[in-house]
Amino acid sequence: MTSFPVRTARWSARHAWAAIAGWFVFVVLCLGVGITVGTHQATSADFRVGEAGRAEAMAAEGGLERRPTEQILIRSRDKGLPLDTDRAGAAARDLTARMRALPEVDTVAEPVRSRDGRVLMVQVVMHGPELEGRKNVVPLLEQSAAVGAAHPGLIVEETGSPAISKGVNDQRDEDLALSERITLPVTLITLLLVFGSVVMAAVPLLLALSSIAAALGLSMAASHLLPDAGVGTNMILLVGLAVGVDYTLFYLKREREERARARGTLSSEALVELAAATAGRAIVVSGLAVIVSTATLYLATDVIFSSLATGTILVVAVAVVSSLTVLPALLVKIGQRSERRAARTAERRTRRVEARAERRARSGKPARAARRRDGGADGAHGADGAHAEDRPGRLTGALLKPARIRPVLTLCLSVLLLLGLTAPAFGLKLVDPGRDTFSRDIPAVQVYDRLNAAFPELSSQHRVTVRATGPDRTADVHRALTDLGRRTQGDPLFAAHAEPRVLTSADGRISVLEVAVPYTATSQRAGESLTRLRQVHLPAALGQLTGVESAVSGDVARGRDYVDHENAKLPLVLGFLLLVTFLMTLWAFRSVVIALLGVVLNLLSAGAALGALVAVFQGTWAEELLGFDSLGAIASRVPLFLFVILFGLSMDYQVFVVSRIKEAMDGGMSARRAVLDGIERSAKVVTSAAVVMVTVFGAFVALHLTEMKQMGFCLALAVLLDAVVVRLMVLPAVLLLLGERAWNPLRRPRTAPAAGPAVDPAAGPAGRAVENVG
């Protein structure tokens with residue numbers, strides 16, 4: 001494993017311009033291929049799960065699938081006045097004529113007046129499948145606006161799934177642009193504080209952004225194998241900036257440390273190889289851990305999670321490649337430039353000193369002793385030979401002090417804190433986000449609320465689909481579905497004023513009953529109506545029929561079946577996640593104890609973040625603080641996404657910190673000294689990486705979409721807990737208590753070294769790294 005990053009870095013260092021040019025050619029090719037082939041979007045069939053999915057598949061077989069539908073409301077501009085019938089009728093006729101002239105429109109229904117007489121509604125059905133509506137809805141919105149302008153005394157406004165989907169996408173694009181405006185400056189400032197150089201701070205951002213660009217192109221091509229559900233790009237942006245900067249940061253910091261230790265005795269090429277032997281290996285292991293962990297999302301057999309997994313895997317893989325190839329080349333060129341500048345400075349200084357000495361000699365004055373400019377024999381390295389960059393800051397030292405002095409107490413208090421944060425997670429409730437959960441800042445969602453108030457029977461709908469063995473059963477099925485419709489009309493859970501409608505396919509084999517429910521899809525009453533329909537009314541109406549297959553879909557069934565599907569897959573995905581995390585850590589460090597410890601620590605930080613998420617977002621007390629409307633539940637995709645992504649990202653810190661401890665032990669330190677030395681040396685870079693990740697994820701809390709808020713909050717808090725509580729308190733306390741036992745069978749007993757090539761002791765850990773590589 002170590003030799004691969006070293007060989008790659010060696011080639012890049014010796015062929016720096018070729019490596020840099022090759023990288024940017026690779027990025028351009030990825031983007032070019034992606035733009036050429038385009039993105040293959042997921043279709044309605046890709047989203048089908050559970051009984052609702054079976055019902056939708058049967059309906060599609062008979063050509064009775066749901067169609068993209070818009071509702072246009074016409075109401076008086078003066079709220080105090082009733083709707084003028086003549087003016088509203090004229091506007092409805094104008095609207096109907098305009099809509100029927102559009103190629104995107106299939107049918108336009110007759111206007112319907114609300115029961116209070118204040119609103120007139122025109123329903124428009126569009127051509128094409130349900131998910132295509134958002135792409136074709138713009139002409140409809142333009143015509144609705146034109147009718148409103150032509151009838152100034154009326155308000156004409158449009159809503160429906162296509163208009164709402166377009167509004168959500170537009171808002172998401174604006175939110176992502178806002179998050180970039182927040183994260184990029186903060187990331188740049190953080191890197192400036194770490195490196196104190198604009199050039200060195202720009203390198204991580206440049207590589208992260210180029211990695212994102214390449215991953216976007218590759219994701220377009222990959223969508224032709226695994227369709228894109230519309231969330232892959234979000235994941236590439238979210239994860240790409242975080243891991244891209246982190247991996248580059250690890251490598252840069254290590255190269256800087258080796259350069260400081262060498263004090264000009266090693267070339268830039270040699271320093272890059274030393275960094276590759278340590279940080280390069282950690283990046284490869286960490287990247288593989290993220291990729292393997294994220295791949296467990298495919299076990300969920302869900303197009304959304306598959307899209308998330310594909311985007312994450314691609315951007316992490318590209319970020320690893322950039323860190324191993326173009327980054328060493330850039331560092332060599334930057335280092336050579338600094339060396340030339342230092343050489344010119346030293347030459348000018350030497351000439352000035354010689355000229356000054358010559359003038360004093362001519363004047364007969366004794367020569368002055370040369371002043372030391374390196375701060376003494378040890379200079380910035382201090383008496384113990386450690387460079388100042390290795391020393392932890394005051395805050396890090398304060399956080400690490402309790403584990404060093406009282407490891408048992410620190411361990412107990414830290415674990416109790418994490419378990420306390422985890423406790424609310426046992427009250428977790430899940431909901432599938434839909435129209436009722438979207439931001440009310442979207443105009444189409446505001447109209448949707450007014451539509452539900454004026455026409456409550458349109459709030460949600462159940463669709464009972466029946467497939468018969470042949471057309472000879474059509475009459476029996478129709479009678480049974482008519483009876484089922486009458487049963488629902490007598491049930492208070494269903495809309496009494498909406499007439500159930502039966503649709504039949506051309507061949508007579510497929511029939512669909514549409515039943516209206518006067519409650520929003522995520523409400524408790526709507527859920528009760530679905531249970532009543534599936535368990536009581538449907539068996540009573542169709543139980544005596546033979547040779548038929550039935551299933552229920554619709555707004556409510558889709559959400560419930562999706563949540564049930566995720567809950568069923570959760571144990572499988574988490575089980576594999578724990579297994580692959582254990583195996584990856586065992587492979588990386590050859591210690592069962594370290595592998596088990598990694599799994600437990602990840603569970604603690606993920607559980608604490610999930611518990612905090614439930615405490616904040618499932619209630620209402622933080623609505624004003626974070627700017628959201630509580631769903632009374634957590635978006636169903638968030639917990640699984642949290643565990644998978646966090647387990648992968650936590651390996652960044654785990655691998656980097658434990659690798660530093662292992663290096664110290666390989667150098668002959670005791671277990672206790674190695675633990676403290678490794679954590680102290682890695683603390684600054686881990687903290688800096690955590691600041692970047694928390695900033696990237698935390699920016700999503702400012703977004704409008706509640707699901708994205710929840711994801712951003714959860715990941716930001718989890719990373720913060722992992723970097724501070726877990727890595728600076730729990731991990732050192734456990735390793736200090738276990739001592740040598742934590743590393744068996746990793747640690748070989750110390751023996752006198754056999755005769756071999758000498759290692760320059762002045763090189764310190766750098767020299768030992770060269771020896772280990774060899």
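1. Glutamate 623 is partly exposed, with a relative accessible area of 22%, where buried means under 20% relative accessible area, exposed means over 50%, and partly exposed lies in between (1.4 Å probe, protein chains only). The place of this glutamate is in helix H20, residues 623-626; helices (H or I, at least four residues) and strands (E, at least two) are DSSP runs numbered from the N terminus. Once neighbours within four places in sequence are set aside, glutamate 623 is in contact with Phe628, Asp629 and Ser630, contact meaning heavy atoms within 4.5 Å.

2. On the basis of the values, this is a predicted model, in which local features need pLDDT of at least 70 and side-chain atom pairs count only at pLDDT 80 or more, whereas totals for chains, interfaces and linings use all residues. Residues are numbered from 1 along each chain as its sequence is written, and side-chain values use heavy atoms, with hydrogens and water left out.

3. On the chain as a whole, the secondary structure comes to 24 helices and 11 strands, and the C-alpha atoms fill a box of roughly 115 × 60 × 45 Å, taken along the principal axes. Of the 774 residues, 52% count as buried. Among the contacts with a separation of 6 or more, 80% are accounted for by residues 24 or more positions apart.

4. On helix H9 (residues 232-262), the 31 residues reach 44 Å from the first C-alpha to the last, close to the 45 Å expected at 1.5 Å a residue, the expected span being 1.5 Å times one less than the number of residues. Since 27 of its 31 residues are buried, H9 is largely enclosed by the rest of the structure. Just after this helix, arginine 263 takes a positive phi of about 50°.

5. On helix H10 (residues 268-295), there is a bend of about 45° at alanine 276. This helix is likewise largely enclosed by the rest of the structure, because 22 of its 28 residues are buried. In the loop between H10 and helix H11 (303-324) lies threonine 301, whose phi is near 45°, a positive value in a residue other than glycine. Threonine 301 counts as partly exposed, at 48% relative accessibility.

6. On the loop between helix H18 (555-589) and helix H19 (592-617), arginine 590 is found there, and its phi is near 55°, a positive value in a residue other than glycine. The relative accessibility of arginine 590 is 47%, so this residue counts as partly exposed.

7. On the pairing of helices, the angle between the axes and the distance between the axes describe two packed helices. The axes of H21 (residues 638-666) and H23 (residues 706-738) come within 10 Å and cross at roughly 30°; axes here are lines fitted to C-alpha atoms, for helices over the stretch in contact, with angles running from 0 to 180 degrees between N-to-C directions. The crossing of H21 and H23 is right-handed, that is, the near helix is turned clockwise from the far one by less than a right angle, anticlockwise being left-handed. The residues of this contact divide into 16 nonpolar, 3 polar and 3 charged, with Ala, Val, Leu, Ile, Met, Phe, Trp, Tyr, Cys and Pro counted as nonpolar, Asp, Glu, Lys and Arg as charged, and the others, Gly among them, as polar. The H21 side includes Phe641, Leu642, Tyr653 and Ile661, and the H23 side includes Met711, Leu715, Asp722 and Arg727.

8. On threonine 706, which is found in helix H23, the relative accessibility is 6%, and the residue therefore counts as buried. Not counting residues up to four places away in sequence, threonine 706 touches Thr437, Asp629 and Leu631.

9. On serine 511, the location is strand E9, residues 510-517, and the residue is buried, with a relative accessible area of 1%. Apart from residues up to four places away in sequence, serine 511 touches Leu64, Val464, Thr465, Val466, Val477, Leu481, Leu503 and Thr504.

10. On alanine 18, the place is in helix H2, residues 16-37, and at 45% relative accessibility this alanine counts as partly exposed. Alanine 18 and asparagine 136 are 118 residues apart in sequence and 46 Å apart in space, C-alpha to C-alpha.

Definitions and conventions. Bend = angle between axes of the 7 residues up to and from the residue.
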